[in-house]
Amino acid sequence: MFNKSKSLMKWILLSLIALGLGAEAFSQSLDQVMKDRNLTQQDLLAAAKTYTPSGKKDEYIVFSSGGQSGQVIVYGVPSMRILKYIAVFTPEPWQGYGYGDAHSNKILYEQGKVRGRTITWGDTHHPALSEVEGDYDGKFLFINDKANPRVAVIDLKTFTTTQIVENPIMKSEHGAAFVTPNTEYVIEASQYAAPFENKYVPLEEYNEKYRGAMTFWKFNKKKGKIEKKQSFSVELPPYWQDLSDSGKKMSEGWVFTNSFNSERYIGGFGKGNTEKWKNRLPHEAGVSSKDTDYLHMINLETAKKLYKQGKYTIINDHPVISMDVMVANDALFLIPEPKSPHGVMIDPTGQYITVSGKLDTHVSVYDIKKMTALIDKKEYDDTDAYGIPILSMTKSLHGQVELGLGPLHTQYDSVKGIAYTSLFVDSAIAKWDFINLKLLEKIPINYNVGHLVSAEGDTVSPDGKYLIALNKLSIDRFIQIGPLHPQNHQLIDITEGRKMQLLYDMPIGLGEPHYAVMMKADKLKTIKRYKKKWFKHRVKPGREKVVRKGNKVTIHSTLIRSHFSPEVIEVVVGDEVTWHITNLERAQDETHGFTVDQMNIHGSLEPGETETFTFIADVEGVYPFYCTEFCSALHLEMMGYFMVKPK
Amino acid sequence: MKSNVKKWCILLFSAFMVMCFSGMANAEDYQANYMAKVKQNNDTIGVIAGVINYVCPKLVPDADKICNPKDPVGSAVGVQKYMEKDWDREEDDIEDNLPELLNEDAALQFWDAVEQFKLHFSYRETAKKLAAEKKWHDAFLNEEMAFQYLVKCASRGIFAKKIVDNE
């Protein structure tokens, strides 16, 4: 008996060893993976910090401008997984944005018109999240279009664009979108100065008739809309305003923008220039010839009062408060700043204002207490050519810190006094102390970082943890895909108490993202599906019909896994077709696409959504229509025939 | 139990795919096809019942009061009723007021599975009537339509199962 048990034990032991060896043969050790893939311990650490297992969700969500794509890119952090491209200024077929659906057509092609012209692209630069008391509330996102001065509203319940507003006086803009601490206003500042009126004005009259401006778009949070009729602008000198920001806490009520052509220089370099402007050095030389440009300081509270008192001029049906009125009411000031700056950022307390001059190695930290003290005492160094008081730079400064070559944009940490600034020429990120004015650490990036974003880094309570460098060039970072390289977003661990560590390179193959905002993902309050009652033209199940009035045919149809109702529709050549279509699904993620072949229409109908398409049935024939989203096992069978009979 | 359900799910979809690719039936085959489809639907309902019995106790608290392995359809409707107790379906405010659930994501998938299941009944009844009149083609098409809803039900049911199993 004992021997039997002994041999049994031996057998089991041998089996276990064999099994272990077998398992070993089929399993991979971490060491082996490291060896095979030539990875270091640092690489593994970075992988462990970013890897997000299937089904797990990211802690943060990033909204990045999509640059020339006219869209917004959404991705998660730390995984850097792309979640969506939100269609904003550009038609986007997957989301059915601008492909025949009446709602998106209205936003894109009617609201989005610039001086009556349909524009089908945008140059998105700076997204801004709606705020309550200076903290993100996760409800709305705003984004600007530099090329065709416009601002768009994106509702984060649905991650869709709900409004585009055209700036009535600007011909170019850049300093948008930024919001006041309770999202009362969305701020938009102009860039290249131009006449407000839509007419030709010769460049000889630049100083007199070309102007910059800052528009304060009144935002109605309840309606989720910009109220154009309660919005106004402030006239600014033709100094090519750049980035803006709204004051917070200690500086609440003030708005700032910087500039980079206080020289008011006009170039003309090279052959082919208009006769009067030839043989001059290019803009880049003249615009950066002075050592300083001007930080603009606008008292929004006073500007609001002036607007309410009617102290404005109507230009292009839009109220504009003149510089004279602003100056007479102590509401507009200038302060010298290092030349060609890109970015004016307010720290979480609202006291310190950081400006980086791209052609200076220093960042300058201004103190709002010192600035307002000078204003209270009316202690000005001078006035500019337009009579705007100029505050003393030295008396306004808290101090300057030398960080490196090409300081550009700053974000803040959760640790008091700590900031991060991108160094464009150095291709590095500097961590520094803006209270004690010292550089703490630098980390190289690849390459030419423009903006950077830290977690909730422009709010009153930044989170620290993560920082992303939005790099302009990627050069050798990714597989060569032709001469146009992707941009490179590099994720950096900035956890307190550790050295900064580069974690991840994410190629962005959709335009050049400029700025991004990073929010705690649990602030989102998105919906899972639409409520059918939200749509005026919703079609109830069983009430589908086709109604003809003369040559106007209205189709009231529904779709649900896996059929349209009706499935066979007949019209006559020349009929004007209005097609209401409701997705009856209530299940999450049960989206159906809709197209009528050859009609250049496409919709994406999320559960509960109704869309309306209008088109002329102009050519006789047989047109299949079908669901374009693989919705169910019988998705291919989800089709119908749209028959256009000859007259 | 878990592996049994998985096995049945695979069988169900295999059967479905076979049906999809089994070619065109001629008129004489409609009666036979109808009978085969009735059997397939009965078998499918059997699989669905297994999924319901497996998933039900993992969705709602006090499952003993709602989930009854001897009455899977009753269990499924019970889960729906429990979820809908504060809903106004006409006003479309479903899922705005969810009661306590053991797994909300899975429960919402399960809710839709039940919706799909409910839709198959009327087609089967119509099929039965047509079969009694020996209108085998129409009977077959109605039974086929019922099958489509059962597949949709199974599809969402499997989602619910995957979510509760954290697969």
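Helices (H or I, at least four residues) and strands (E, at least two) are DSSP runs, numbered from the N terminus. The model is predicted: local features need pLDDT of at least 70, side-chain atom pairs count only at pLDDT 80 or more, and totals for chains, interfaces and linings use all residues. Residues are numbered from 1 along each chain as its sequence is written, with chains lettered from A and ligands numbered from 1 in the order in which they are written.

**View 1. Cis peptide bonds of chain A.** Asn446(A) and Tyr447(A) are joined by a cis peptide bond with omega of about -15 degrees. Tyr447(A) belongs to the loop between strands E27 (438–444) and E28 (449–455) of chain A. Another cis peptide bond, with omega of about -5 degrees, links Ala176(A) to Ala177(A); Ala177(A) is part of strand E8 (residues 173–179) of chain A.

View 2. Most residues other than glycine have a negative phi. Phi of Asn316(A), however, is near 50 degrees, and this residue sits in the loop between strands E15 (313–315) and E16 (318–321) of chain A. Asp92(B) has a phi of about 70 degrees and lies between helix H4 (72–83) and H5 of chain B, in a loop.

**View 3. Contact between chains B and A.** Eleven residues of chain B are in contact (C-beta atoms, placed from the backbone, within 7 Å) with twelve residues of chain A. Helices H5 (104–132) and H6 (136–165) of chain B are the elements giving two or more residues to the side of chain B that touches chain A; H6(B) gives the most, with five residues.

Conventions
Two residues are in contact if their C-beta atoms, placed from the backbone, lie within 7 Å.
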